Amino acid sequence: TKDDPLRKWCEDDRDRYLQELLRLDGRGGPDLASACGLCNSEHPRLRCEECFGGSMFCEACLIDSHNCNPLHRIERWNGTFFEHTTLKEIGLRVQLGHRVGEQCSNPKPAAGDNFVVVDTNGVHKIGLDYCDCEFAQHTTTQLLRARWYPATPTAPNTAATFNVLEYFHLLTFESKASVFEFLHASMRRTNNIDISAVPQWRHLKMLKRAGRGHDPDGVLATKEGECAVLCPACPQPGKNLPVHWRDAPQWLQ
């Protein structure tokens, strides 16, 4: 019917929503992409998915602005599209045992310098330094004071934030999700493969991945089957079958 809210959204808003999703896949307008959001240096290449505003930053400014947010998700512009990177890869070190921004006189990197933290927004590899100066507490104490729960009391190399533990605790009451399911969902979130329960969001993601946002005639010009995902296991001439597959002996077909 004409009063159907979903139909009205499709007619009035869907194309605009899709265009904004595509805009976010790029560098945005010149007001965001031309200069670093903090120091105004030219050609910034980094942005944070978690921070408000969508501004682009240079490496130094992004590191400085994330000393208090070391588990944010970062993207780097490679000249064509944004690819995922980490704060560790661009140089951020997380120092425990001291105030944020305060340097330890004797920092001690976590074993293998490959510390992993599980948070509500995914699984993060970080550059972690324990305090090993004269005022140092036990490594697990340092983690707990940062509100990170260590996976083991002996030489921990993995931790879960108090935030994700509380979230999972509530989730078990409401959905009965297992630890295995929750962890795999977090890993999928890390890889940006998000199965959302919001139908409009799923619909927009399907249209975007099928390239329908680039059609000058809009979404309504989408033909039947144009959003279908090609099955990689099915025989497809010119794709996963030999050129002369029709000439193969009958017993091979």
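Strand 2 and strand 3 form a hairpin with four residues between them. In the turn, G79 has a positive phi of about 105°. The model is predicted: local features need pLDDT of at least 70, side-chain atom pairs count only at pLDDT 80 or more, and totals for chains, interfaces and linings use all residues. Residues are numbered from 1 along each chain as its sequence is written, and side-chain values use heavy atoms, with hydrogens and water left out.

Strands pair if DSSP finds at least two bridges between them.

P70 lies in the loop between helix 4 (59–64) and strand 2 (74–77). Helices (H or I, at least four residues) and strands (E, at least two) are DSSP runs, numbered from the N terminus. P70 counts as buried because its relative accessibility is 16%; buried means under 20% relative accessible area (1.4 Å probe, protein chains only). Not counting residues up to four places away in sequence, P70 touches L87, L92, V94, I126 and W148. Contact means heavy atoms within 4.5 Å. P70 and I126 are 56 residues apart in sequence, yet 7.8 Å apart in space, C-alpha to C-alpha.

The chain's secondary structure comes to eight helices and nine strands. Its radius of gyration is 24 Å, well over the 18 Å that the globule rule gives for 253 residues, so the chain is more spread out than a compact globule. The radius is taken over C-alpha atoms, and the rule is 2.2 Å times the number of residues to the power 0.38. Buried residues make up 31% of the chain's 253 residues.

How values were computed. Buried means under 20% relative accessible area, exposed over 50%, partly exposed in between (1.4 Å probe, protein chains only).
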